[in-house]
Amino acid sequence: MNAAEGLDFAQTEVARASLDHCVKCTICETHCPVSAVTPKFTGPKFVGPQAERFRHGESVDHSLDYCSSCGACTLACPQGVKIAELNSQARAVMKADHMPLRDQLISQTTLMGMAMTPVAPLANAALSIKPLRNVVERVLGIHRDAPMPKANTQTITGWLKKRKKPTVKATRGTLIFFHGCAGGYFEVETSKKSIEVLEHLGYEVLVPKQGCCGLAQQSNGLFDGATQKVLKLCDELRASGRDLTIISSSGSCTGMLKHEAHEIMGVDDSRLADVGTRIRDIMEFLLELYDADELPTDFKPVPLTAVYHAPCQLKSQGMGQPAMEILGLIPGVEAIESGATCCGIAGTYGLKKEKYEIAQAVGKPLFDKVKDVNPSFAMCDTETCRWQIRKGSGAEVEHPIFLVHQAYGLS
Amino acid sequence: MARVVVIGAGVAGLVAAIRLADAGARVALLNKGTGGLQLSQGTLDILGYAPERVERPLDALAGFAAANPGHPYANLDAELVGRAADYLCELVGPALLVGDPAVNLQLPTAVGAIRPTALAAPSMTAGACVDGANFVIVGLRQLKDFYPDLVAKNLARTDLPGGGRLSARHVMLDLPARAGEVDSFGLTYARALDDPAYRRRFAQAIKAVVGQGESVGLPAVLGVDDHGAWAELSELIGAPVFEIPLPPPSVPGLRLNRALTARAKASGVRLVPGSKVTGFRSSGGSVDSVQLATAGGDRTFAADAFVLATGGFEAGALSADSYHNLHESVFDLPLRRPEGHLVHGDYWGDPQPLFAVGVETDHTMLARHPGGDPVYDNLYAAGGILAGATRWQEKSGEGIAVASAVLAADSILAAASTATTQGAAS
């Protein structure tokens, strides 16, 4: 199935079938973080189930491009309408014949990591040079102040090769770890700590060679590339074992595998269905262990009060906020829920010149809350959101697994 | 510690979950989307029509239940309903809900009708439709869900429930909530009015059109996070101000929903929104677990007791096919079905029998076979799923929901404590 067939399948079988369930209750409108801060986006109901009725192969309402695809509308809809999915599909159609070079470039996440890691100090320095960023904004349309990842000198693969083998014997079986591009190149510490926590619990952790899930391309409407990437990734993860649970500490990439590739792009492939049902967000996995009375809770106290922000693409997986439950088990930790729907970045949305201000306005209440509760530290499960919250609040922002790692005495 | 799963996050589900969690139960609240409370008027109806307009709802309940056997109020007496209404007031606080559950307020609607309700937001009570009241109804040109001339003219021509008339005139103002937006929905105004600077500009424009002795009726958009916004507006304008609820999105409903949801989180309820319960397992006459269809596949939620608070037909909790086969969506529970045809052709006539379809319960809110025994020994039902009420005509929805939720929660806690005592004895 190619991307065009996939899109057709997704539209007719997945999203459009839900259209008639819309009762125009406007609940989605009240949850939209974008229309709350700008009149440029008329909101999910108007652009989604209403405008969809006027689309016949083309998108008539161009404010659609301002949807950030955070998915808050679909999550809130009590009638099961796939609002965000409809909008993502319509946007892909709308942009198909004039895809900006910028959108093609910023969605190449693996490429960015591969290019930046060997020259990390240089890359980091370059990204902080104002005049250079001004040129990039003018030529490419990436906002000069947009948050950028910090390149690491060591990738997760590099660390795995050099590290000492785990001391705890694996008694609880084997897991596959999926780190995602950001967890491989930029947020390497999150991947390391996740692996170490799992090993501490008594699991053997396999980390196969793995590529990108294609999420950034998907959210930019580049369904061809994204479909190829996600299926290649499924093959790579499946090669390590056909019945093992897959664990990820990359909140949004997990969502791509669990549902977005299928529901938005219509990838209807047994390999994706297999990986998508075997994968667990790491905090979700820990909570499942806890519910089954299988999670050791011999946590050392960690005296910390800090904001925890559940990313939109984690919430859209419909599993609640497992991290809040796990953090609540650690003595001394007081995690304050951010209460924010989205941090604004929504993958690559907040990097774009014309959307930067909107993304900052969406994130502002969250940044303010972080500054108010604990201006030096906050928690969030997804990489790009952490970059956005770090930039917006000035706080150090890390994955909640950092606290679990510390509470188990591993750091 | 009892583990309880509550399905549905309308007012019934939220209240049951909070009450259980506050009593020490481990509660998971599963809901496929935002609950109906957000779409409500932000008031608490107990009984408005029986079928004549009701002035004192708690006094009327016993007679109403006797005249309507099989109505949910047959299991929920006036003492319980009054206590449950007070409990809800306590949960959301006096900034969001005031009044005496024994006495109905008569408040204006967005079409200028007069609606009986028991409790209301404090921002609404100055709109009580009593003899000699003097209103100016103010509309906003950019808010197209509210027509002040319709409201004022209808109110002024109505013989009031308590006797007499009120006077009302209307004014339309040009007051954009956001620069360049010609069509704003209510929440956009409410967000703007959370900002003190916009509030002052708004108050100035209104003050200029208010006459001596007039109370100001406004669309219910007077702040969303700032629950004191309306009071400050009233002070700035120098006249009593009241909110009139709009069609959805209802800002007063949103305020209540946010307050109760925050309260549930503070009580330690585990909220799992956005996924549908698609199956369950039972053994030995008890429900053991439900299956939640999350994005990554089914997840099992096991519990000692379950509360079904999924709503009625409008919520998809009940369905009827074209042959009028009826179905309850989660547990496939047996439903009570009125005799004869479920739908009649007289639109303005008697309530449609279809709307009385629902789940029947015993006096502890255990779902039961119509006229028979409980279906499972640990599955309770509350709110809009209950058989026998035409809630929107009776104006009885929130009263039934809150009282049945309190009763279901208390029954679960009582059963859990009995089980503990028996366990300790053996």
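This is a predicted model: local features need pLDDT of at least 70, side-chain atom pairs count only at pLDDT 80 or more; totals for chains, interfaces and linings use all residues.

Residues are numbered from 1 along each chain as its sequence is written, chains are lettered from A and ligands numbered from 1 in the order in which they are written, and side-chain values use heavy atoms, with hydrogens and water left out.

**Stop one: salt bridges**

Side chains of opposite charge can pair when their charged atoms come close. Over all chains, a search of the whole structure turns up 46 salt bridges (a side-chain nitrogen of Lys or Arg within 4 Å of a carboxyl oxygen of Asp or Glu).

Select Lys192(A) and Glu189(A): their closest N and O atoms are 3.2 Å apart, making a salt bridge. The two sit 3 residues apart in helix 12 (residues 188–200) of chain A, so about one helical turn separates them. Helices here are DSSP runs of H or I with at least four residues, strands are runs of E with at least two, and both are numbered from the N terminus. Lys192(A) is buried at 15% relative accessibility, while Glu189(A) is partly exposed at 35%.

Next, pick Asp274(A) and Arg238(A), a salt bridge with its closest N and O atoms 2.5 Å apart. This pair links distant parts of the chain, 36 residues apart: Asp274(A) is in helix 16 of chain A and Arg238(A) in helix 14 (residues 223–238) of chain A. Both Asp274(A) and Arg238(A) are buried.

Now cross over to the partner chain. Arg299(B) makes a salt bridge with Glu288(A), the closest N and O atoms being 3.3 Å apart. Because Arg299(B) lies in strand 12 (residues 297–302) of chain B and Glu288(A) in helix 17 (residues 282–291) of chain A, the pair joins two chains. Arg299(B) is buried, with a relative accessible area of 9%, and Glu288(A) is partly exposed at 29%.

**Stop two: cysteines**

How many disulfides does a search of the whole structure find over all chains? It finds 0, a disulfide being a pair of cysteine sulfur atoms within 2.5 Å.

**Stop three: surface patches**

Switch to a surface view. Glu5(A), Asp8(A), Glu13(A) and Asp268(A) gather in a patch of negative charge. Patches are made of residues with over 30% relative accessible area and no salt bridge, joining like charges within 9 Å and nonpolar side chains (Val, Leu, Ile, Met, Phe, Trp, Tyr) within 5 Å. Asp268(A) is in the loop between helix 15 (251–263) and helix 16 (270–278) of chain A, and is partly exposed at 47%.

On chain B, Val111(B), Tyr147(B) and Leu150(B) make a nonpolar surface patch of about 270 Å², with accessible areas from the Shrake-Rupley method and a 1.4 Å probe. Leu150(B) lies in helix 4 (residues 148–156) of chain B.

**Stop four: backbone details**

Which peptide bond is cis, with omega near 0°? Zoom in on the one from Pro248(B) to Pro249(B); Pro249(B) lies in the loop between strand 8 (241–244) and helix 8 (251–266) of chain B. Another cis peptide bond joins Ala50(B) and Pro51(B), with omega about -10°.

Finish with Lys24(A), whose phi is near 60°, a positive value in a residue other than glycine. Lys24(A) is in the loop between helix 1 (3–15) and helix 2 (27–31) of chain A. His324(B) also has a positive phi, near 65°.

Notes:
Lys and Arg count as positive and Asp and Glu as negative; His and the chain ends are not counted. The place of a charge is taken as NZ of Lys, CZ of Arg, CG of Asp or CD of Glu. Buried means under 20% relative accessible area, exposed over 50%, partly exposed in between (1.4 Å probe, protein chains only).
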